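Hi everyone, thanks for coming. Have a look at it first.

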Amino acid sequence: METISENACFGGTQGVYKHASQATGTDMTFGLFQPAEASDGPVPVLWYLSGLTCTHENAMTKAGAQAWAAEQGIALVFPDTSPRGDGVADDEAYDLGQGAGFYVNATEDPWAPHFQMWDYVTEDLPELLFNSFALDAERQGITGHSMGGHGALTMAMALPDRFRSVSAFSPICNPTGSDWGKKQLGAYLGADTDRWSAHDASLLMQEVGFDGPMLIDTGTKDQFLDLLRPETLAAAIATRRQEAIFRMQPGYDHSYFFVSTFMEDHINFHAEALWA
C-alpha cells in the first residue's frame with residue numbers, strides 16, 4: 001500500500017492510499033478518514049459509496065462528512081467507483097465503464113477482467129483496511145449516493161451480518177426497471193435478467209429486507225427522479241414493514257449541496273447504531 005497523502009482533519013487524519021487489488025487486477029485508490037480516537041484503538045467505520053463519474057475524491061472533499069464523523073468518533077472509507085488505467089475497458093458514455101462500475105462483478109467482455117467491484121468493496125478492500133488500520137470490523141455501516149446508494153443498499157441486504165446500519169442519498173432504487181440499470185446490468189452481467197435481481201434494492205427489499213435501521217433521503221427536485229424510481233423502494237419497504245426512515249426532501253436536487261445538507265443526519269443515524 002502506498003500513501004498518497006495524509007492531512008490533519010478535525011483532530012484526526014484524512015488519508016488517500018493506493019494499493020494493488022487482487023479483485024480488479026489494477027491499482028486502486030481510496031480515501032480513509034480516521035478520527036482522533038483511532039490512535040487509542042479500533043473505531044467503528046462507515047463506508048461511503050459514490051455515484052456515476054465520481055472517484056474516491058468527490059465525497060471526501062464535498063460531502064462535509066469528516067466534521068460529523070470526528071464528532072461521533074467513527075472512521076469513513078471512500079472507495080473509488082471502478083477500476084482505472086491502461087488496459088481497463090471504457091465507454092464514451094458517462095454511465096458505463098470507468099467511473100461507472102455499478103458495484104457488481106462483471107461476467108461479460110470486455111468488462112469481466114477488471115470490473116469486479118462487488119468483490120473489491122466487500123472482500124478485497126476490507127481485508128486491507130482491517131489489517132492495516134485501527135478499524136472495528138464488528139461495527140460497520142454503509143451509505144452512498146445515487147449509484148453508490150444502489151451499491152450500499154444491495155450490499156447491506158445481501159450481506160446481513162456485515163453492516164449494522166444502512167442509508168442512502170438519492171439511490172437508484174430499481175435498476176432492473178430503469179435506464180440507469182438496464183443498460184449497465186445488461187452490459188456487465190449479460191442478457192439473463194434473472195442475474196440482475198441480486199442488484200436491485202427494491203427487489204431485495206421484497207425478498208430479504210434488512211435486519212437493522214435504514215435511512216433514505218431523496219430530493220423532490222432531483223432531476224433524475226424517473227431514473228431513481230424511489231417509489232418502488234418505498235412500496236417495498238411498506239409491504240415488508242421494514243424498519244426504515246424514507247424522506248422526500250422538498251426542493252433538493254441530486255447534487256452534493258443536497259448530500260452535504262443531510263450528511264449530519266446520516267452520520268448521527270449510523271453512529272447511534274455503531275456505538276450501540
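Let's begin with strand β4 (residues 43–49) and strand β6 (residues 135–144), which run parallel and are joined by six bridges. Within that pairing, L46 sits opposite G141 of β6. A word on terms: two strands pair if DSSP finds at least two bridges between them. Helices (H or I, at least four residues) and strands (E, at least two) are DSSP runs, numbered from the N terminus.

Before I go on, some housekeeping. This is a predicted model, where local features need pLDDT of at least 70 and side-chain atom pairs count only at pLDDT 80 or more, while totals for chains, interfaces and linings use all residues. Residues are numbered from 1 along each chain as its sequence is written, and side-chain values use heavy atoms, with hydrogens and water left out.

Now, what is the order of the strands in the open sheet? The nine strands run β1-β2-β3-β5-β4-β6-β7-β8-β9, with mixed pairing. β1 and β9 (245–249) are at the edges, each with a single partner strand, so one side of each has no neighbour in the sheet. On average, neighbouring strands of this sheet are turned by 20° against each other, direction ignored; the axes behind such angles are lines fitted to C-alpha atoms, for helices over the stretch in contact, and angles run from 0 to 180 degrees between N-to-C directions.

At the β1 end, strand β1 (residues 2–9) and strand β2 (residues 12–20) are antiparallel, joined by seven bridges. E6 has G15 in β2 as its bridge partner. Two residues lie between the strands of that hairpin, and there F10 takes a positive phi near 50°. Next, β2 pairs with strand β3 (residues 27–34), again antiparallel, over eight bridges. T13 is partnered by Q34 in β3. The hairpin of β2 and β3 has six residues between the strands, and G25 takes a positive phi near 70°.

At the β9 end we find I245. The C-alpha atoms of I245 and M214 are 6.2 Å apart, although 31 residues separate them along the chain.

On to the interior. A nonpolar core here is a set of buried Ala, Val, Leu, Ile, Met, Phe, Trp, Tyr and Cys residues joined through side-chain atoms within 4.5 Å. The largest has 60 residues, and those with the most contacts inside it include F30, W47, L129 and Y188. Helix α3 (residues 117–132) gives this core its largest share, seven residues. A second, separate core has 22 residues, among them A63, V259, F262 and L274.

α3 also meets helix α4 (residues 147–158): their axes come within 12 Å and cross at roughly 60°. That makes α3 oblique to α4 (under 35 degrees is roughly parallel, over 145 roughly antiparallel, 65 to 115 roughly perpendicular, and the rest oblique).

Conventions
Buried means under 20% relative accessible area, exposed over 50%, partly exposed in between (1.4 Å probe, protein chains only).
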